[in-house]
Amino acid sequence: MKPRVEILAPAGSVESMKAAVNAGADAVYMGGSRFGARAYADNPQEDQFLEAIDFVHLHGCSLYMTVNTLMKEEELNQLYEFLLPYYERGLDAVIVQDLGVFDFIRRHFPKLPVHASTQMTVTGWRSAKLLKDMGASRVVTARELSLDEIAAIRDHVDIEIESFVHGALCYCYSGQCLLSSLIGGRSGNRGRCAQPCRLPYESHGDSRGTGKKNPQGKQYLMSLKDLCTLDILPDIVEAGVFSLKIEGRMKSPRYTAGVVSVYRKYLDRYLEYGREGYKVDQAARRMLLDLFDRGGLTEGYYRQHNGRDMIALKEKPAFREGNQALFDRLDAEYVNLEKQEPARARVTVREGEPSRLELSARRGPDGASVCVTVSGEAAQTAQNQPLTGEKLLKQMNRTGGSPFYFEELTETVEGNCFLPVQALNRLRRDGMDALTEAVLSPYRRRRPEEEPDGRTAAFAQDVSGRQCGGGEDGFWPEISVSLEQPETFPAAVRHRDVTAVYLDSTGFGGEDWAGYVKACHDAGKICGLILPHIFRREAEAYFYSHRDRLKEAGFDVFVIRSMEEPEFLRELGLGFVPFVLDANLYAMNHQAARFLKNMGAERLTMPLELNSRELEALACDVRLSDIPWELTAYGRYPAMVSAQCILRTTKGCTKKPELLYIQDRTGKQLPVKNHCRFCYNTIYNPSPLSLLGQEQIVKRLRPDVLRLSFTTETPKQAREVLDAYADCFLRGEDVKAPFGDFTRGHMKRGVE
């Protein structure tokens, strides 16, 4: 029988996987040798992973593979051959972030369940419904969701829900973090996060480096305490969570075993006795802290939106004496245990006839019984001491090293029999092998009938010389401007070379939308509204309360940043308005781009983590598929988007948007905005992206639209940037950049 609720354990190694199963996990998630979001874990190679699939199935568990990174074009070409052996062996599911990978697996491995990773930033039932319609069997919710928001997914969508219940918490919404990528090229979207959020920062006031400093000095402003939900486990289950996910693929087998054993105990207590009989012992909390302590534990976001009390502001002690007695117990009970499953057997030895062994065992989660019979060497006539039932049982019960032990073993010995010990051992071994195969055979799959058509391989080739709609001559992109601050609007709307003005809804309120749209139309410009990076209850309530203004404003386009938003717009009767997908809805490969275009997007925005060569290959193919692109050519990248609030952590909640700066160890100042309207923070890259001086690269990419993004600029700075880009890209003039400090982003280096 499938469990009512699943305990899902992390495994960064084969040893951790076995420890998790031994400690009572129902399922384990683990990365293969490639494409997993923990590239630095001790991930198993192919033969080890195949053995791991067999191991969990023999013990009635499931194994999910993490294929949850954004995939470049040449990697997509390798995906089929990578997955095929695991698919055939019986892999239970894959956890996926990349929409191109998602679509690829659904088409080429239709019998393989796909779980939508937390990296997809599933923040509500609309995105869960979209993923269910795409073919997902499960969604892993954003860690930031409340119990009520999870219950809404349960009520609206018939899909399995998986949520984190223990372990490390990211400061940023998973899938919306570029900080590690921008600092050193180690992308969290590619499984290589350097965890800059765990470093100390110092907060400043409202101007770069000159505002009032935090009197506390440097603090670990973004280092969250570890999640622990033992006390609210019944609430989580009753909200609709099926899979209770434990974080920790970089942790030791001992940690995995200890945490799993605690959650196994308390989940079983709740399932057996209900709320009335559910009580958490203080010893359990102490044990979890002994296993890992970053500065205390938190219940996370299930019952609060954010809070200073969730953050481990002080540095973790360099040394803390370990609980050796606990470690020794976990090693003995789980880590070093050779787990065996019960089996029943009957061995028959008759003089002059082949020996025979009949075995039966339970198979997997469905609990079905499997039976096998094997024959061995014929019993000879004893010359001296005949075989007795006692001797036969003693020899056959030597099951060490096999997946089964005999909970019941009966024998029949007839006649004056003799069988060599080697023959009995061979009979037992053949029986165990046959029983193992009988348990595992239902999980095996045949090679899919439909194989890739080689299309992806063509896109991985060098695109030099390919014709993508013309050469560099005659390249005249449109210029769009995205604005977060109303004071920069006049500079944009009055500029003769701006085609479209996108108003960010974090800074442009509903009461003024109609006036801004009219001003744009009067100036002959398209006017768009940028919907929030994070679309949750706050955003839903705001746009519902302003739905008449939204309809009457007459926006020409919406810029979408969340998979929640297209369906929401349709609910408001605005599904006819074209929309552009922003860069955080990642199109890292041609299949993701096609999929996003098929969602109804008028244009896509080029991803921010590919270098110019990779972008050129992608842009060429996508253009051949008639998918228009926008390219961010100027602006501060949103390095992190968080439910937490730096202002609330350092000064307290004022319910007023402010601009702060946090300073890292190198002295760089990162701007921070608290978007109170939708209650999330954006931390920006210290330096703005500039593609001035990169005209030849941009011409080869041939984007349909160049986007200039203004976040912290003054009106004067915005005008100067607009003039420089228009003169450079529209009139071919040599210009001097009107700013000193800038970055090329990933145009040259890309990410690992």
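Two strands count as paired if DSSP finds at least two bridges between them. The strands themselves are DSSP runs (E, at least two residues), and helices are runs too (H or I, at least four residues), numbered from the N terminus. With that in hand, let us walk through this structure.

A word on the model comes before the tour. This is a predicted model, in which local features need pLDDT of at least 70 and side-chain atom pairs count only at pLDDT 80 or more, while totals for chains, interfaces and linings use all residues. Residues are numbered from 1 along each chain as its sequence is written, and side-chain values use heavy atoms, leaving out hydrogens and water.

How confident is the predictor? Its confidence in each residue is called pLDDT and goes from 0 to 100. The chain averages 91, and 92% of the residues score at least 70. Over residues 454-466, however, pLDDT stays under 50.

Now find the open sheet of 4 strands, with the order β14-β13-β12-β16 and mixed pairing. Because β14 (368-378) and β16 (404-414) each have a single partner strand, they stand at the edges, and one side of each is left without a neighbour in the sheet. From one strand to the next, the twist averages 15°; axes are lines fitted to C-alpha atoms (for helices over the stretch in contact), and angles between N-to-C directions run from 0 to 180 degrees. Look next at β12 (residues 341-350), which runs parallel to β16 and is joined to β16 by 10 bridges. As an example, V347 has E411 in β16 as its bridge partner. Across β12, β13 (354-363) and β16 lies helix α13 (residues 389-396), running at about 150° to β16.

A second open sheet has 5 strands in the order β8-β26-β27-β28-β25, with antiparallel pairing. Its edge strands, β8 (202-204) and β25 (638-642), each pair on one side only. Neighbouring strands here are turned by 25° against each other on average, direction ignored. Within this sheet, β27 (residues 669-675) and β28 (residues 680-684) pair over 4 bridges, and K673 has T682 in β28 as its bridge partner.

Finally, what about the cysteines? A disulfide is a covalent bond between the sulfur atoms of two cysteines, counted here when a pair of cysteine sulfur atoms is within 2.5 Å. The count comes to 0 disulfides. C679 is in no disulfide, as the nearest cysteine sulfur, that of C653, is 7.1 Å away. Residues are called buried under 20% relative accessible area, exposed over 50%, and partly exposed in between (1.4 Å probe, protein chains only). C679 is partly exposed at 27%, whereas C417 is buried at 0%.

Terms used:
Contact = heavy atoms within 4.5 Å. pLDDT = per-residue confidence, 0-100.
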